[in-house]
Structures are given as C-alpha cells and as structure tokens.
Amino acid sequence: MSERETTRFVAWAQEMREVHARLRAALRLTLESDDLAVDDLLLYCRGFCSALDGHHRGEDRTLFPAIAAAHPDLRPVLRKLEQDHSMIDHLLGGLRAAAERSAGPEELERHLEGVGAIMENHFRYEERMLLTVLESLDLHVSPQEALGPL
C-alpha cells in the first residue's frame, strides 16, 4: 500500500471525527445561548438540521453500503446507525415544528437537549464501531458525498 493510499484511508476516519466535532460545536453554541430567540432558532435549524440530515443521508447512501460490502459482519451495526438516523430526523422535525409555532424557551431547550443526547450517543457509538474500519476502507468518492456537505 502506498503512502498516499494510507493517508487517504486514515483521512476518512479523521474526516468523520471532524464532521462530528463541527456538529457537536454547533449544537453546544445554541444550548449555551442565553436567549433562544425563535427567529434565530429557525435560522439555526435551517443550517444545523440540514447539515446533520445531509451527513446522515451521505452515510446511508454511500458510506454504509461501502462498509457493508467490505465488512458484511457490520450490517447489524449499520442497521442500528440507520435507525438512529431515522430517530434523529424525527427529533429534528419536532424541533423545527416547535420553532415554527414559536414554542416557549423551555420547550425549545427540551427539544435541543433531546436532539443533543441522541446525537451524542449516536456519534460515540458510530466512532467506536466504525473509525477503525474507515482507516482501511477503499472508498473512491468525495468526503462531501460520503459524510455530507458541511
């Protein structure tokens, strides 16, 4: 294996870590805000919710099928991760709906904390189960296609 191939393989694991770090930081900034203004939250949802959704769609369409082909033993792990994606999508829909109807700050915070809790659990599991695999995955697509356009 050439040095370039090794660098590319390790880059997939690093790319996933960086995407997760950016999404964590975006959620943390909102949760730490002293003022959860509905207009700001709607704008946040358009950006953050779209980024998180795009990340999961990229994984479901491109990354997970490549992992399943190379590592069939990981199919149950990938199914669980896809179920998490569906649950997170549902929670993001609830957050969007609450923001669109101008819910109070306590309700909005509950939605954000719910998304954050499931997202963090999902990211930790995904990193624990897949980072080593990503270091050896032979995948010839752009990071944006596999991990979402962040």
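**Salt bridges in a predicted model**

Colleague: Why is Arg101 called exposed?

Modeller: In this predicted model, Arg101 has a relative accessibility of 52%, and because exposed means over 50%, Arg101 counts as exposed.

Colleague: What makes the contact of Arg101 with Glu107 a salt bridge?

Modeller: The closest N and O atoms of Glu107 and Arg101 are 2.5 Å apart, and since a salt bridge asks for a side-chain nitrogen of Lys or Arg within 4 Å of a carboxyl oxygen of Asp or Glu, the pair is counted as one. The structure holds six salt bridges.

Colleague: How do you know whether Arg124 and Glu120 are buried, partly exposed or exposed?

Modeller: Arg124 has a relative accessible area of 54% and is therefore exposed, being over 50%, whereas Glu120, at 22%, counts as partly exposed, because that value lies between the limits of 20% and 50%. These two residues also form a salt bridge, with their closest N and O atoms 2.8 Å apart, and, being four residues apart in helix H4, they are separated by about one helical turn.

Colleague: Which residues are linked in a network of salt bridges?

Modeller: The network links Arg24, Glu120, Arg124 and Glu127.

Technical notes
Residues are numbered from 1 along each chain as its sequence is written. This is a predicted model: local features need pLDDT of at least 70, side-chain atom pairs count only at pLDDT 80 or more; totals for chains, interfaces and linings use all residues. Side-chain values use heavy atoms; hydrogens and water are left out. Buried means under 20% relative accessible area, exposed over 50%, partly exposed in between (1.4 Å probe, protein chains only). Helices (H or I, at least four residues) and strands (E, at least two) are DSSP runs, numbered from the N terminus.
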